[in-house]
Amino acid sequence: PMCNSVEEAQLAVAACRYPPRGCRSVGGSLHALNFDCSPSDYYANASDEVLVVVQIEHIDAVNICDQIMAVKGVDAIFVGPNDLLSSMQKVPQMETDDPEFVAALDKILTTAKRLGVPAGIHVANAEAARRRISEGWQLIAISSELGFMMTAAAQVVSETIGKTSSGLARY
């Protein structure tokens, strides 16, 4: 999260890979979870199986996103709209047509496509997900656990006790 520099991207990649390609701890017996290979095979190959996704969610990162995405070992990028908007001194929200925000997303997506880096974004709902997919975003996170729970709870309340003309549930 909040990867704002080339150095931070390099540190993220190193933290996810075992020596000699990185500095990830070998831990205890993680290799034992892979029943198909010996410990030496596991540590020799595990770094090839790791997906490193850095989050570009600050305007400073947007400004150098081409450099961040060019870091060897960064496999994908992901945008957190709330944090990006906040870093732009704007109200955090999942969706907005604010021209500066739209331009920032366009820069990220255009750069990712040019460099062949899969790009992802967090969205509020299925409608927003379909729109972002049509724009070319490849990794989509829809809502959150809390968002899903709140939507389902509101639906249950509405179905159980109905709505008033103002749209609020009666109690």
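The legends below describe close-up views of one predicted protein model. Local features need pLDDT of at least 70, side-chain atom pairs count only at pLDDT 80 or more, and totals for chains, interfaces and linings use all residues. Residues are numbered from 1 along each chain as its sequence is written, and side-chain values use heavy atoms, with hydrogens and water left out.

**View 1. The protein chain has eight helices and four strands.** Helices (H or I, at least four residues) and strands (E, at least two) are DSSP runs, numbered from the N terminus. Starting at the N terminus, the order of elements is α-α-β-α-α-β-α-α-β-α-β-α. Of the 171 residues in the protein chain, 32% are buried; buried means under 20% relative accessible area, exposed over 50%, and partly exposed in between (1.4 Å probe, protein chains only). Contact means heavy atoms within 4.5 Å. Among the contacts with a separation of 6 or more, 52% are between residues 24 or more positions apart.

**View 2. Four strands form an open, parallel sheet.** The strand order is S1-S2-S3-S4. Strand S1 (53-55) and strand S4 (139-142) are the edge strands, and each pairs on one side only. Neighbouring strands are turned by 20° against each other on average, direction ignored; the axes are lines fitted to C-alpha atoms, for helices over the stretch in contact, and angles run from 0 to 180 degrees between N-to-C directions. Two strands count as paired if DSSP finds at least two bridges between them. Strands of a sheet pair through backbone hydrogen bonds, either parallel or antiparallel.

**View 3. Strand S2 (residues 76-79) pairs with S3 and with S1.** Three bridges join S2 to strand S3 (residues 119-123), and three bridges join S1 to S2. Ile 77 of S2 stands opposite Ala 119 in S3 and also opposite Val 54. Both faces of S2 are covered: Ala 76 and Phe 78 are buried on one side, and Ile 77 and Val 79 are buried on the other.

**View 4. Leu 146, Met 149 and Met 150 form a nonpolar surface patch.** Together these residues have about 340 Å² of accessible area, found by the Shrake-Rupley method with a 1.4 Å probe; for residues, only the protein chains shown count as cover. Patches are made of residues with over 30% relative accessible area and no salt bridge; like charges are joined within 9 Å, and nonpolar side chains (Val, Leu, Ile, Met, Phe, Trp, Tyr) within 5 Å. A salt bridge is a side-chain nitrogen of Lys or Arg within 4 Å of a carboxyl oxygen of Asp or Glu. Met 149 lies in helix H8 (residues 145-161) and is exposed, with a relative accessible area of 53%.
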